[in-house]
Amino acid sequence: MNGLDHLISRLHAQETQLPLHAQQARDAAADLTLARAKSRAPVRTGRLRASVTREGGRVFTACPYARFVELGTVRQAPNPFLSASADMLSYFRLSQQAYREVIR
């Protein structure tokens with residue numbers, strides 16, 4: 001068995017673990033995004049910051065005025081606390097780490 005055959009057989013053996021590792025990477029990236037969004041959310045009453053949450057890999061807020069804070073209005077400059085918190089580079093690194101663990 002040559003090196004490529006060995007790698008292919010190991011990949012097939014690890015195939016069932018790949019979705020689990022990918023989900024763990026997604027969850028780690030979502031936790032990071034959630035922490036950043038909460039720390040960047042402006043606080044007047046604390047309602048906006050407290051409303052930032054996550055389900056699976058999705059970080060969001062159900063606060064009715066969050067979009068006005070995020071995108072701004074005619075009278076208020078945007079304060080992109082949520083979109084600025086999403087760091088695709090961190091997600092890529094966490095995903096890359098998860099895939100490396102599967103290949104080992």
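Helices (H or I, at least four residues) and strands (E, at least two) are DSSP runs, numbered from the N terminus. This is a predicted model, where local features need pLDDT of at least 70 and side-chain atom pairs count only at pLDDT 80 or more, while totals for chains, interfaces and linings use all residues. Residues are numbered from 1 along each chain as its sequence is written, and side-chain values use heavy atoms, with hydrogens and water left out.

Strand E1 (residues 52–55) runs antiparallel to strand E2 (residues 58–61), with 4 bridges; pairing takes at least two DSSP bridges. The two make a hairpin with 2 residues between them, and glycine 56 in the turn has a positive phi of about 60°.

Show side chains here. Glutamate 55 is opposite arginine 58 in E2. What does the charged end of arginine 58 sit over? That would be the ring of phenylalanine 60, 4.3 Å from its centre (the criterion: NZ of Lys or CZ of Arg within 6 Å of the ring centre and within 35 degrees of the ring normal).

Now jump to serine 85, in the loop between helix H4 (66–71) and helix H5 (88–103). Serine 85 counts as buried because its relative accessibility is 0% (buried is under 20% relative accessible area, exposed over 50%, partly exposed in between, with a 1.4 Å probe and protein chains only). Beyond its neighbours within four places in sequence, serine 85 touches Thr33, Arg36, Ala37 and Arg40, contact meaning heavy atoms within 4.5 Å.
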